[in-house]
Amino acid sequence: MASLKELKGRINSVKSTQKITKAKQMVAAAKLRRAQAAAEAARPYAQRLADVMASLAGKVSGDSAPKLLAGTGANHRHLLVVVNTDKGLCGGLNSNVVKAARLKARELIAAGKDVKFYLVGKKGRAPLKRHFPERIGKQFDTSHVRTPGFEEAEAIAAELISMFEDGEFDVAHLVYPIFKSALAQDPTVDQLIPVPSPEGDAASGGDAVVEYEPGEEEILAELLPRYVRTQLFGSLLEREASEQGASMTAMDNATRNAGDLINKLTIQYNRSRQAAITTELIEIIAGAEAL
């Protein structure tokens, strides 16, 4: 059985840890409000841009379609762009994103595809390297930026488009978390390059008759890279909101668990202290009777 001194030391240690987790929870909660607002504000723009792209793409086909829309004509080499956080202490967020990336990679490999990874953020690197040591390609470091934003998204997009134009891959998929709430951040896999072709009414542009100037091909050539940048920017915003939400929840759970452990240790300490006092009284009484 632990001594009273050891129990008291453990209680003080857990209390110190509880103060840290409580502080981190409050910091994450404050950051979450801003990150959530930024992610939610970007979604309508991305959706509207996708609608415009659909309207334009429905009017362009064949040899006139830009490469970012038409693709390379092959479907063998796949690139998984995996967006993870740079910091830990955010529950199962990163492990869920890595799991989604692993499942997609194994699905493609089983279909006979050649798969490579492009990693954004530090936390997904080690587990993916363990499972796919020969398939890790380029990595983009966002740890030097306090809050990655459009500048980083633009740099990633430029590198990916350059790789695509140089023939390094045929299809790129974006794997990232979507923020739902502080309790739920869902990993998702979207095709990024070539830009997915619209379907149904979106492909025909609806009933509206729209004329584009100078022309659909020229406008698409400008909008397609912007679409890729916007998707990557949105994934970084979703990552930030998901990280803060998951961190707040994880730190709240850690604070509660620390409180439960403190209560258990305190009960154990009081019992041990009472037992020590009882033992001491027995010894005093026995000594007095001996006299």
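**Figure 1. Salt bridges in the predicted model.** The structure holds 8 salt bridges, a salt bridge being a side-chain nitrogen of Lys or Arg within 4 Å of a carboxyl oxygen of Asp or Glu. This is a predicted model, in which local features need pLDDT of at least 70 and side-chain atom pairs count only at pLDDT 80 or more, while totals for chains, interfaces and linings use all residues. Residues are numbered from 1 along each chain as its sequence is written, and side-chain values use heavy atoms, with hydrogens and water left out. Side chains of opposite charge can pair when their charged atoms come close.

**Figure 2. The salt bridge between Asp170 and Arg77.** The closest N and O atoms of this pair are 2.9 Å apart. The bridge links distant parts of the chain, since Asp170 lies in the loop between H5 and E4 and Arg77 in strand E1, 93 residues apart. Helices (H or I, at least four residues) and strands (E, at least two) are DSSP runs, numbered from the N terminus. Asp170 counts as buried because its relative accessible area is 2%, whereas Arg77, at 28%, is partly exposed. Here buried means under 20% relative accessible area, exposed over 50%, and partly exposed in between (1.4 Å probe, protein chains only).

**Figure 3. The salt bridge between Arg239 and Asp86.** In this pair the closest N and O atoms are 3.8 Å apart. Arg239 in helix H7 and Asp86 in the loop between E1 and H3 are 153 residues apart, so that the pair links distant parts of the chain. Arg239 is buried, at 3% relative accessibility, and Asp86 is buried at 16%.

Figure 4. The side chains of Arg256 and Asp252 meet in a salt bridge, at 3.0 Å from N to O. Arg256 is exposed, with a relative accessible area of 55%, while Asp252 is partly exposed, at 22%.

**Figure 5. A surface patch of positive charge.** Lys24, Arg33, Arg34, Lys87 and Arg146 gather in this patch. Patches are made of residues with over 30% relative accessible area and no salt bridge, like charges being joined within 9 Å and nonpolar side chains (Val, Leu, Ile, Met, Phe, Trp, Tyr) within 5 Å. Arg33 is found in helix H1 and is exposed, with a relative accessible area of 59%. The C-alpha atoms of Arg33 and Ala241 are separated by 8.3 Å, although the two residues are 208 residues apart along the chain. Lys87 has its place in the loop between strand E1 (77–83) and helix H3 (93–110), and counts as exposed at 56% relative accessibility.

**Figure 6. The largest nonpolar core.** A nonpolar core is a set of buried Ala, Val, Leu, Ile, Met, Phe, Trp, Tyr and Cys residues joined through side-chain atoms within 4.5 Å. Of the 34 residues in this core, Tyr118, Leu160, Ile193 and Leu232 touch the most other members. Among the elements that each supply at least two residues are helix H1 (4–57), strand E2 (114–120), helix H5 (150–165) and helix H7 (216–290). The largest share, 8 residues, comes from H7.

**Figure 7. Backbone features in two loops.** A cis peptide bond joins Ile193 and Pro194, with omega about -10°. Pro194 is found in the loop between E5 and helix H6 (201–204). Leu89 has a phi near 60°, a positive value in a residue other than glycine. Leu89 lies in the loop between E1 and H3 and is exposed, at 54% relative accessibility.

Methods
Areas by Shrake-Rupley, 256 points an atom, 1.4 Å probe, with all protein chains shown as cover. Lys, Arg positive; Asp, Glu negative; His and termini not counted. Charge placed at Lys NZ, Arg CZ, Asp CG, Glu CD.
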